[in-house]
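Please keep the sequence and the structure in view while reading.

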Amino acid sequence: LHVVLTQNRKQVQWKYISDHELKTNIRMFDHLIENQISQHNFFPKICGNKVCIRLLNRRDIKQYHQFMSNANVAKYMSWYPIENIEASKARMARIFLEYQQEELFHLAISLSTGTFIGIIGLSKYDLTEKTCQIIYAIDEPYWRKGYTQEALELFVEYLFSIKKKDTIIATHIKDNIASGKVMKKCGFIRTPSRDTTMIIKGKEEELLAYTIERRLL
């Protein structure tokens with residue numbers, strides 16, 4: 001049995017519910033959140049020749065878990081591989097709550113067919129009215145196919161033209177050379193003055209910084 005807090009018009013109280021009731025309530029909550037997100041429509045789906053950037057949805061869970069549980073994907077990221085799909089569902093539920101606040105921290109990268117292949121979004125670092133930092137990652141089966149580059153280019157254009165950012169920053173762990181190559185292909189310029197260090201998975205890592213500026217006419 002699980003203990004949950006319930007509320008009605010008269011009182012707040014604790015009650016015991018079964019596994020089945022808990023899972024049913026979670027499904028109902030997920031549907032409610034997703035319906036509210038679809039009504040917000042705060043982020044327009046944007047597409048290129050190969051990929052689209054859109055909001056995550058419940059139908060992405062299988063591919064999302066595959067992505068989040070891949071040790072090779074997590075190698076240069078801040079998270080450890082997720083061990084079970086329930087943990088992935090919980091993480092996705094937190095993303096849905098972010099969407100209710102119209103936050104762009106975790107967006108889906110998908111193929112034109114709708115298949116989820118990775119994430120792109122904003123970091124909470126360097127986030128101001130005119131600046132932001134981008135984070136992104138692609139699932140291993142889709143590496144070296146040009147998907148990451150196109151997604152990054154699409155998102156940069158959106159941030160410049162719609163969100164009116166002047167400076168966009170991207171960083172990568174020093175050993176992640178491939179990510180730096182993608183940034184350069186998208187027009188980012190190496191900016192050592194923004195380099196920093198961070199404790200990632202218990203280890204101090206050097207982060208190399210790149211920036212791109214909006215061209216003001």
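## Helix packing

In this predicted model, helix α5 (residues 147-161) and helix α6 (residues 177-185) cross in a right-handed manner, a crossing being right-handed if the near helix is turned clockwise from the far one by less than a right angle, and left-handed if anticlockwise. The two helices pack at an angle of about 50 degrees, with their axes 9 Å apart, and are therefore oblique to each other (under 35 degrees counts as roughly parallel, over 145 as roughly antiparallel, 65 to 115 as roughly perpendicular, the rest as oblique).

From α5, Thr-148, Gln-149, Leu-152 and Glu-153 meet Val-182, Met-183 and Lys-185 of α6, where contact means heavy atoms within 4.5 Å. By class, this contact has 3 nonpolar, 2 polar and 2 charged residues.

## Aromatic pairs

The structure holds 8 aromatic pairs (ring centres within 6.5 Å; planes under 30 degrees apart are stacked, over 60 edge-to-face, the rest tilted). One of them joins Tyr-64 and Phe-116 edge-to-face, at 5.8 Å centre to centre and 70 degrees between the planes; Tyr-64 lies in helix α2 (residues 61-68) and Phe-116 in strand β6 (residues 116-122), 52 residues apart.

Phe-67 and Phe-116 also form an edge-to-face pair, at 5.6 Å and 75 degrees, and Phe-67, in helix α2, is 49 residues from Phe-116. Tyr-64 and Phe-116 are both buried, as is Phe-67 (under 20% relative accessible area with a 1.4 Å probe, protein chains only). Ring pairs link Tyr-64, Phe-67, Trp-79 and Phe-116 into a cluster.

## Basis of the values

Residues are numbered from 1 along each chain as its sequence is written, and side-chain values use heavy atoms, leaving out hydrogens and water. Local features need pLDDT of at least 70 and side-chain atom pairs count only at pLDDT 80 or more, whereas totals for chains, interfaces and linings use all residues.

Notes. Axes fitted to C-alpha atoms, helices over the stretch in contact; angles between N-to-C directions. Helix = DSSP H or I, 4+ residues; strand = E, 2+ residues; numbered from the N terminus. Nonpolar A, V, L, I, M, F, W, Y, C, P; charged D, E, K, R; others polar. Phe/Tyr/Trp six-rings, centres within 6.5 Å; stacked < 30°, edge-to-face > 60°. Buried < 20%, exposed > 50% of the residue type's maximum accessible area, 1.4 Å probe, protein only.
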